[in-house]
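Subject: the model, and my notes on it

Hi,

Here is the structure I promised to pass on.

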Amino acid sequence: MAEADIAYVATAGAAGLALALSAWAARLRGRLAVRNGGLETAMVTAQADIAERDGALAAFEDVRLALTPGGRTTRLGAPAAWDAILADLTTGEDAPTDPAMAVLDAVRSGAGPRLDALIDRGEPFDAVLEGSGGAWAVEGRSSAGAAWLRLSRLGLVGTATESGLGLLADFYPAPTWIVDAAGRLAWANQAWLAEMKVESVEAAREKQLSFDRGADAIVAEAGRLHQRQEGFRWTTGGGRRRAWRIVAEPAPGGAGAVLAFALDMTEAEETRDTLRRHVEAHDETLNHLADAVAIFGPSKRLAFHNTAFQSLFSLDPAWLDERPTHAELLDRLRQRRMLPEVVDYAGWKAKELDFYGAAEAAPDDSWSLPDGRTLRVVRQPHPLGGMLLLLSDITDELKLRSRFNAQIQVQTATLDKLNDAVAVFGSDGRIRLHNEAFETFWRVSGDQLRAAGDFDAVAALCQATMPDPSLWLGLKARVADPDPESRVPISGEGRTTDDRIASWQTRPLPDGATLVAFSDITARRGLEHALAAKAQALEESQALKREFVGSVSYELRTPLTTIVGYSELLETLGDLPERSRQHAGAIRVAASQLASSIDDVLDMAQIDAGEMELTLGDVRVSDLLDEAAGKLRARIEGRGAALIVVCPAGLRPIRADAQRVGQALELLLDNAARAVGEGGSVTLTAEPGPAEVRIRVEDTGRGIPYHLQAHVFDRFVRRERGGPGVGLALVKALVELHGGWAEVESEPGKGAAFILHLPLEAVGVAAAPELRLG
C-alpha cells in the first residue's frame, strides 16, 4: 500500500475513533446525571428520616448511647434530655468535657459487670440509676456489632401520684404499692401504710418495711420475668390472721417497676373453710349411713359416693375415684349382674338417665337383683344440679316383714285356739286384738268389741257378766297408767253372775301394750278340792304306814334278840351234837341278818320322818375304809375272793358322820360280797376331788342288767343280787344326808361299781344344830 493510502486510512480511523469517544462520553454524562438525581433524592429522604428520628427522640425524655468496637461513642437524644441526665448524674461536679463518657461512667458504677458483659458478649441487662432529680432506667442491648444503652426517667410514680388515677389509687381500700427495678419501695397507698402502721412512704423506707416476705418474692418474680404473678399469703396482725391474694403486675414502661396489690380474702377464705368443714362433715355423716348414697353432678358424672355405696356393689374404689358417668356406672353394674334383669336394657338405661331432667323427686322404686337381693331406690334432684341416688338393701326388711306378718297370723290363730279369753290393749287404752274365747266368755260379739274401741267401753260390756267395779278399775290402772310401778303383772279371781269362778291376770308387753286374760276355773277349783282331800288322806296313810313299820320293827327286835341269844348259848354247849350245833349257828346267822334288815328299815323310817340327825366331825377317809374292810374281809375271802383297799396318802379329812358313812360302806361291801364269786375281787378305793371325795366299791361279779340300773337305789324293789331290801336305798339316803350323791356303773357280766360322792364338808340339813357347818 502507498503512503498516501496509509495516511488516508489512518486519518479515517482517527476520525471514527473520535466520533465513538464522543458518543460514549455523551452516554456517560447522561447516566451520571440520572445517578446524581437519585442520590440527591435519597439524601433528601435520609435527611427527612434523620429529622423524624431526631424529633422522635426529642419527644421523649430519654437518650441513647452507642459503643462501637473501635471505642467510639455515639450520642442520640434531645439535648434537653442529655442536659437533664447529666445534671442528675453529675451533681456537684463541673460540666463534663465528654457527656457520653460521663454517662458511661455513671452506668458502669451502677451496672458494673453487666455493662462489661454487654460490651464483650452482647448480653442484655436492665438497671436503675439514682439521680438527684429522680431515678433513671437503663436498658442495655446489642445491635449490628455495637452496644446500645437507653436511659429514660422513671416518671411512673410521680405522674400517677399527681393525677386523678394516683388519688384513686391512694384511697383504694386494698393495700397497693410499687417497687422499682431494684426491689425498693417507690410508692404505697394509704391502705398499705395503715396495714404497716407507718405515716409515710419515707418512714417505711427508713424502717425497710415490707408487706410480707412471700409477697416480696412474688413481686420480685414478676419483675424478673416481666409477667403477671399471683400468690396467696396468710399474715398475722392485730391479733388475728388474715388471708391476702397478692397480685404483682409489671408496670408498662416502668423499666422494671412492679405494681403490687394485696386483696383481702379473709372472709372468703373463712367462708370457704367453713364450707369445706361442712362438706367434710356432710361426707363423713353420709359415710356412716348404712344406706348407699351416690351424687351425680350436672355433667352426669359421679361427684360423691359413700362407703356403703362401694360396699353394696363391691366396686373398685380406684375406679370410683375416676368419677365415671352415670351411664358407665350402669354398664359396669350390668356386666357384674348387679342390675335388674330386663329385656330392653337400652330403653331401661335411657329411662334411668331421664331422671336428670325431673324437677321433683321420683317415686320410690325397687330393684330385684339376680343374687336375690332387693334394693329400694330413691332418686331426687340435687340442689346444685345433677341427681342424688339413694339405695337401701331391704332384703332383710322384707324377710322380717314377711316373718312378722306370718307371726301375727300364727299369733292370731294361736289365740283363737286358746281356751282362755285373751285381749290386748294398747298404751292408749284401745283394744288391739282378742280371740274368739274372749267373745264367748263375756257373751259379746266381735262387732260390739270393735265398736267399743277403748277399755272403758269394753269394760261396760263385760260388767254385765262380772259386775265388780274394783276389778275393772284395777285393770284400767294396769292398762292406761304409764307409771312403770303400775304396769306390773297382777292376778286374781272373781265370781260371775252365772256362778262361774273366773281367774284373771295381766302381763305388760314390751311395746307398751297390756295383755289381759280370763279363764273359767270352776272345774279346776273343784278338782283341786278333791285332790287336796286325797292328798290329806294319802298323807295320813303314809303316817300310819311309817307308824306301823316302826311299831312292827320294834316289836320284832325283842324276839330276835332272844333267838340270837339262845342260839349262841346252844353253840357253847359241849355235849351238843355237831349237826345240832350247825343248826344253832344257822339260826343265829339268820336272826342276825333279820335284825340288820330291821335296823335298815328303822333307819329308812327315821330318814323319811326327817328325824335322823348327823353327828359331824373330822373323819379320816383311810380309817373309814380300813374299818369297813375289816368287818367284811372274812366274808369276802370266805367266798374265795380278794378284798383290795386303795387310799392315796395325804387325803384330807372330811367333815361327816363317821358311823353313817361307815354304815353305807358296809352295806355296799355286803352287796359286793353277795355278788362276787370264786377267784373274783372287791376293790375299795378313795379318790380326791376339787370339793369332794369319791369312794368307789367295785366287784367283779355278774353285774346289773341295764334295765334294772335305773331302779337299783329304789326301796323294796326285787333285785337279782340279794332279793328285796332297803340296803342300797339306805346307802343313797345316807349319802344325800351329807349333801352328796351316789351312782352306779355296771356292764352285765363284768361286775358293778358303786360310787359315793361325799363333800369335804357336809351340808345336809339333818346335822345336829350345834354341829351344822356354816
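Below is what I found, starting with the whole chain and then going region by region.

First, the ground rules: this is a predicted model, so local features need pLDDT of at least 70 and side-chain atom pairs count only at pLDDT 80 or more, while totals for chains, interfaces and linings use all residues. Residues are numbered from 1 along each chain as its sequence is written, and side-chain values use heavy atoms, with hydrogens and water left out.

**The chain as a whole**

The protein chain has 25 helices and 27 strands. Helices (H or I, at least four residues) and strands (E, at least two) are DSSP runs, numbered from the N terminus. Of its 774 residues, 37% count as buried; buried means under 20% relative accessible area, exposed over 50%, and partly exposed in between, with a 1.4 Å probe and protein chains only. Taking contacts (heavy atoms within 4.5 Å) with a separation of 6 or more, 48% are between residues 24 or more positions apart.

**The second largest pocket**

This one holds about 450 Å³ of space. Its lining has 26 residues, and Val-179, Asp-180, Ala-182, Gly-183 and Arg-184 are the closest to the centre. Strand 3 (125–131), strand 6 (176–179), helix 8 (201–207) and helix 9 (213–225) are the elements that give two or more residues to the lining, with helix 9 providing the largest share, 5 residues. Where does the pocket sit relative to the domains? Domain 1 (42–153) and domain 2 (164–270) both give residues to the lining, so the pocket lies between them; the domain bounds come from an automatic or database domain assignment. By class, the lining has 14 nonpolar, 6 polar and 6 charged residues. Here Ala, Val, Leu, Ile, Met, Phe, Trp, Tyr, Cys and Pro count as nonpolar, Asp, Glu, Lys and Arg as charged, and the others, Gly among them, as polar.

On method: on a 1 Å grid over the protein atoms alone, a pocket is an open set of points with protein on both sides within 12 Å along at least five of seven lines, and lining residues have an atom within 4 Å of a point. Grid points are joined across faces, edges and corners, and a volume is the space filled by probe spheres set on the points.

**Hairpins**

Strands pair if DSSP finds at least two bridges between them. Strand 18 (residues 490–495) and strand 19 (residues 501–508) run antiparallel, joined by 6 bridges, and Ile-490 has Thr-506 as its bridge partner in strand 19. Their hairpin has 5 residues between the strands, and Asp-499 takes a positive phi near 65° there. Strand 19 also pairs in the antiparallel sense with strand 20 (residues 514–520), over 7 bridges; Gln-505 is partnered with Ala-517 of strand 20. That hairpin has 5 residues between its strands, and Gly-512 in the turn has a positive phi of about 95°.

Helix 25 (residues 727–737) has 8 of its 11 residues buried, so it is largely enclosed by the rest of the structure. Among the buried ones are Leu-728, Val-731 and Leu-737. Gly-739 follows helix 25, with a positive phi near 85°. Strand 26 runs antiparallel to strand 27 (residues 752–759), with 6 bridges joining them, and Val-744 has Phe-754 as its bridge partner.

**Some single residues**

Most residues other than glycine have a negative phi. His-226, in the loop between helix 9 and strand 8 (229–237), has a positive phi near 55°. Arg-323 also has a positive phi, about 55°, and is partly exposed, with a relative accessible area of 42%.

Leaving aside neighbours within four places in sequence, Glu-269 is in contact with Phe-232, Trp-234 and Ala-243. Glu-678 lies in the loop between helix 23 (658–675) and strand 24 (681–688) and counts as exposed at 71%.

Cheers

How values were computed
1 Å grid on protein atoms, 1.4 Å probe; cavity = no way out; pocket = protein on both sides within 12 Å on 5 of 7 lines; lining within 4 Å.
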